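Hello,

Here is the structure I promised to hand over.

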Amino acid sequence: MNMRVNIPSDGWQVRDHQEGLWNYLQAGGKRAVAVWHRRAGKDEVCLHHAAVSAMRRPGNYWHMLPEYAQARKAIWDSVNPHTGRRRIDEAFPHELRDSTREHDMHIRFRNGSTWACVGSDSVTSGGGIGSSTAGIVFSEWSLANPSAWGYYRPIIEENNGWAVWISTPRGRNHLLTTFQHAQRTIGWFAEILTAHDTGALSHQALAEALSEYIALYGEDAGRAMYESELMCSFTASVRGSFYAIEMRHVREEGRISDEVVADPARPVDRYWDLGMHDDTSIWFAQSHGTQLFILDHVAASGRSLEGWRDEIEQRYLQHGWKHGTDWVPHDAKVKELGTGRTRVETMQALGLKPMLVPWSTLDDGINAVRRTLTLCAFHPRCEEGGISALEQYRREWDDDKKAFRASAVHDWTSHPADAFRYLAMAWRLAPMPKIKQPVLDGWRIPLPDERRRGGIRL
């Protein structure tokens with residue numbers, strides 16, 4: 001039996017402020033960055049665009065949130081309060097579906113297309129890599145792992161697919177750089193819409209929202225939240241950020257610059273947060289007296305130490321750097337199951353130069369980072385994934401107590417932030433140069449201090 005289903009379904013109508021993005025996508029646009037205020041209907045537009053795309057061209061389509069669990073709450077289980085229906089049921093009529101898998105948030109359509117909710121946390125750890133994706137929505141991009149686009153860009157380009165980034169700002173991070181790239185790139189769509197621009201919220205509703213934010217988070221944090229969420233401000237500080245003040249000074253003082261280059265005659269050290277099943281993060285830095293040049297940052301998941309050794313060698317050859325010390329956390333001396341060797345021993349066998357970072361409490365490490373950041377200058381290579389992580393590394397919010405917890409949010413920012421904490425504890429503790437031991441009448445004269453300064457000798 002033939003049936004006719006209209007797409008977009010259920011009489012959905014584009015609102016005036018949504019027309020620019022919608023018309024661009026329906027005309028075949030491939031890259032769009034929409035920085036819209038909260039409740040402007042960003043996800044709504046993208047869900048209906050995915051439905052149209054899935055019917056026009058059979059393929060795999062994804063709606064990606066920063067974390068997989070968020071995708072279920074924000075998209076899969078989300079109900080439109082105006083209609084009482086799930087948003088996915090409004091966008092993807094059951095008549096078009098072949099199957100719906102609730103457990104993994106996956107829909108298969110009768111024409112062979114699929115649509116699914118995913119998280120940037122699971123994707124970058126290997127889940128879904130290699131999927132032939134024809135369209136991706138990066139929702140809440142300011143909070144997502146910026147590496148996600150790096151994984152999927154080659155696949156989207158090969159498939160001549162589309163990608164849309166939608167978000168409100170969270171400081172001057174990778175959302176801003178993505179938006180700026182869209183602004184200067186021919187064929188891309190770039191738009192910022194504040195609550196004043198759309199008129200979606202009345203003046204009374206905005207005033208109430210500001211009062212609520214201040215009541216919940218306090219005067220400063222509440223206003224910052226309001227400016228970020230509803231006025232799309234990139235300069236508002238990230239709520240609960242550990243290093244908001246220090247990172248703002250880094251930007252305001254112009255300490256992110258192409259002029260931050262290494263002295264080829266001096267070593268460039270590496271500071272690791274070693275992951276087993278989690279991400280590994282490495283900062284590359286060189287000290288210049290009382291100043292520290294942060295030259296690069298890299299993070300990935302599921303890579304072996306052999307793979308990291310090759311990655312490091314490639315970077316040093318590319319930039320003409322001189323190899324330095326590999327500073328690693330204390331758990332690197334724990335023996336691994338299966339091999340019976342520590343990661344320190346494995347690194348030594350691979351020609352790396354590991355040294356353990358002096359132990360410290362988390363609070364001491366955070367204070368060390370704050371002091372160190374005042375002395376740092378960064379190369380722009382560190383912007384995506386490195387600097388962004390330091391700006392967004394933040395305390396957890398306790399909704400019941402209406403206060404920030406002492407603990408940090410564990411997400412993609414954790415590993416770069418931990419690696420930088422090790423950097424802050426170790427960068428002044430470079431190994432002393434080796435001194436030839438003098439001999440007098442066949443007797444060895446002991447040196448005053450035979451230990452390596454600062455670190456633990458391995």
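A pocket here is an open set of grid points with protein on both sides within 12 Å along at least five of seven lines. A volume is the space filled by probe spheres set on the points. Note that this is a predicted model.

Start with the second largest pocket. Its volume is about 890 Å³. It is lined by 34 residues, with Pro 146, Ser 147, Trp 149, Gly 150 and Glu 384 closest to the centre. By class, the lining has 12 nonpolar, 12 polar and 10 charged residues.

Now the largest pocket. Its volume is about 1,900 Å³. The lining counts 50 residues, and Arg 38, Ala 74, Glu 140, Arg 170 and Glu 229 lie nearest the centre. Elements that give two or more residues to this lining include α2 (42–56), α3 (68–76) and α10 (219–229). The largest share comes from α9, with 7 residues.

Last, strand β2, residues 60–65. Is it mostly covered or mostly open? Mostly covered: 5 of its 6 residues are buried. β2 pairs in the parallel sense with β5 (residues 114–119) over 6 bridges. β2 also runs parallel to β6 (residues 133–139), joined by 5 bridges. Look at Tyr 61 to see both pairings. Its bridge partner in β5 is Trp 115, and in β6 Tyr 61 stands opposite Gly 135.

Best wishes

Note on methods:
Residues are numbered from 1 along each chain as its sequence is written. This is a predicted model: local features need pLDDT of at least 70, side-chain atom pairs count only at pLDDT 80 or more; totals for chains, interfaces and linings use all residues. Side-chain values use heavy atoms; hydrogens and water are left out. Buried means under 20% relative accessible area, exposed over 50%, partly exposed in between (1.4 Å probe, protein chains only). Helices (H or I, at least four residues) and strands (E, at least two) are DSSP runs, numbered from the N terminus. Two strands pair if DSSP finds at least two bridges between them. On a 1 Å grid over the protein atoms alone, a cavity is a set of points where a 1.4 Å probe fits but cannot get out, and a pocket is an open set with protein on both sides within 12 Å along at least five of seven lines; lining residues have an atom within 4 Å of a point. Ala, Val, Leu, Ile, Met, Phe, Trp, Tyr, Cys and Pro count as nonpolar, Asp, Glu, Lys and Arg as charged, and the others, Gly among them, as polar.
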